[in-house]
Amino acid sequence: MNNRSTSIPLTLSIAAVERDTRLSKDTLRVWERRYGFPTPMRDAAGERAYPLDQVEKLRVVKRLLDVGHRPGRIVPLAMDQLQQLAEQTVDQPQRVVEVVLGSADLRAQLELIRSHDLLALRHELMRLLARHGVQRFIAEVLGPLSVAVGDAWIRGQMEIFEEHAYTEVVQAVLRGALAAVPPSQGDDAPRVLLTTLEGEQHSLGLLMVEAVLALDGCCCVSLGVQTPVWDIALAARAYRSDIVALSFTACISPNQIIDSLVELRAKLPPDVALWAGGSAPALQRRAVPGVLALSGLDDLAAALQGWRQGDLRP
Ligand code: B12
């Protein structure tokens, strides 16, 4: 055993805190000066040593930063005030979730994620898929469950690795469902290219859109997530796409969203439609000429009908 671990056993170095919380060393030092938190001890070598309760608080602070709170407002708060703020942050989606699905079902599914029983989760989702059909399964099960998973993460009840595992299970179930949809062919089937922009890692919204469009007779090509604008334009030409559909959460900045949409619109052939959807508020706040902003999956059927009738073609 070395000296450090005997003298201050329950502390982490600044590098370990950086890895653990994804808060940079500079940020940790600046907060210490500016807000008086964190207040690390010093180890035998005089280096910062962070007690575990402070690391725990830093994790909560980071989650709240990720959903848009400002450091000046939240870093000085005590742990119970931070927890309260997390509750207020999830309050609205949680109410929606309980109305739609009934909290008992949802709690059971969350429990399967938290107990790491991924096989049981997959079985349960496949059972619900068979019972509801793809469209209702997405709207009534996956939508609310994904919101609940995100809320559990804000509350500190779900780890990132559990979110990843959840996403993988959902993807496997949805891909299985998609494989059973007969491929649409022929000149009248709209060819849709799906992806997200660089920085947008969330892929489930995209897959849900693909499933809904495939069921509606579209011929879909998905590039997965994070495709550079220039490559999207190349792919649209290569796959002779009629429509390019992008999915957004609020995780990339409103300016990046708008600038990239303007750039992509300019790079796409004029007769290719550009649809942008998802939960990013920027899409509804600022219209981009030549881009159709859609918020939910419900909007897709109408957009497709409009495109088929020629009303929504560029
Ligand atoms: C799983 C998940 C992750 C996984 C993603 C893995 C993967 N391969 O997809 C991982 C762990 C990587 C991740 C990372 C992050 N995430 Co995350 N994540 C989620 C979670 C739980 C599910 C996301 C999801 O796929 N939702 C899918 C559907 C259900 O939601 P949707 O995107 O809104 O789409 C719906 C509609 O908008 C529509 N739609 C979507 N796209 C399109 C497109 C078109 C054309 C149309 C018509 C419709 C449409 O279809 C969907 C069904 O209704 C959400 C919680 C939530 N409320 O969604 C958080 C969430 C999106 N993440 C969040 C955050 C903060 C992050 C991180 C910054 C922090 C973190 N958790 O590490 C990073 C950032 C990554 C990045 N830069 O993109 C926040 C975003 C908050 C905000 N600012 O708005 C959320 C909301 C969690 C929360 N409650 O705070 N995340």
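In what follows, Ala, Val, Leu, Ile, Met, Phe, Trp, Tyr, Cys and Pro count as nonpolar, Asp, Glu, Lys and Arg as charged, and the others, Gly among them, as polar. With that division, the shell around the ligand in this predicted model holds 16 nonpolar, 17 polar and five charged residues. The ligand is surrounded by 38 residues, of which Gly150, Leu204, Gly205, Ala250 and Gly277 are the closest. Two or more residues of this shell come from each of H9, H10, helix H11 (204–215), strand S6 (243–248), strand S7 (273–278) and helix H15 (298–309), and H9 gives the most, with eight residues.

H9 and H10 also pack against each other. Helix H9 spans residues 134–154 and helix H10 residues 160–179, and the two meet at an angle of about 175 degrees with their axes 11 Å apart. Because angles over 145 degrees count as roughly antiparallel, H9 and H10 are described as roughly antiparallel to each other. On the H9 side the contact involves Val134, Leu142, Val149 and Trp153, which meet Glu163, Tyr166, Val170 and Ala177 of H10. Sorted by class, this contact has seven nonpolar residues, no polar ones and one charged residue.

On the scale of the whole protein, the domain assignment gives domain 1 as residues 3–77, domain 2 as residues 90–179 and domain 3 as residues 191–309. The centres of domain 1 and domain 3, taken over C-alpha atoms, are separated by 39 Å.

Arg22, which lies in the loop between helix H2 (14–21) and H3, has a positive phi of about 60 degrees although it is not a glycine.

The mean pLDDT of the protein is 87, and 91% of its residues reach 70 or more. Confidence is lowest in helix H1 (residues 3–7), at a mean of 45, and highest in strand S4 (residues 191–195), at 97. Over residues 1–6 the pLDDT stays under 50, and for this stretch the model has four contacts beyond four places in sequence.

Key: Residues numbered from 1 in each chain as written. Predicted model: local features only at pLDDT ≥ 70, side-chain atom pairs only at ≥ 80, totals over all residues. Axes fitted to C-alpha atoms, helices over the stretch in contact; angles between N-to-C directions. Helix = DSSP H or I, 4+ residues; strand = E, 2+ residues; numbered from the N terminus. Parallel < 35°, antiparallel > 145°, perpendicular 65-115°, else oblique. Contact = placed C-beta atoms within 7 Å. Domains from an automatic or database assignment. pLDDT = per-residue confidence, 0-100. Near = placed C-beta within 6 Å.
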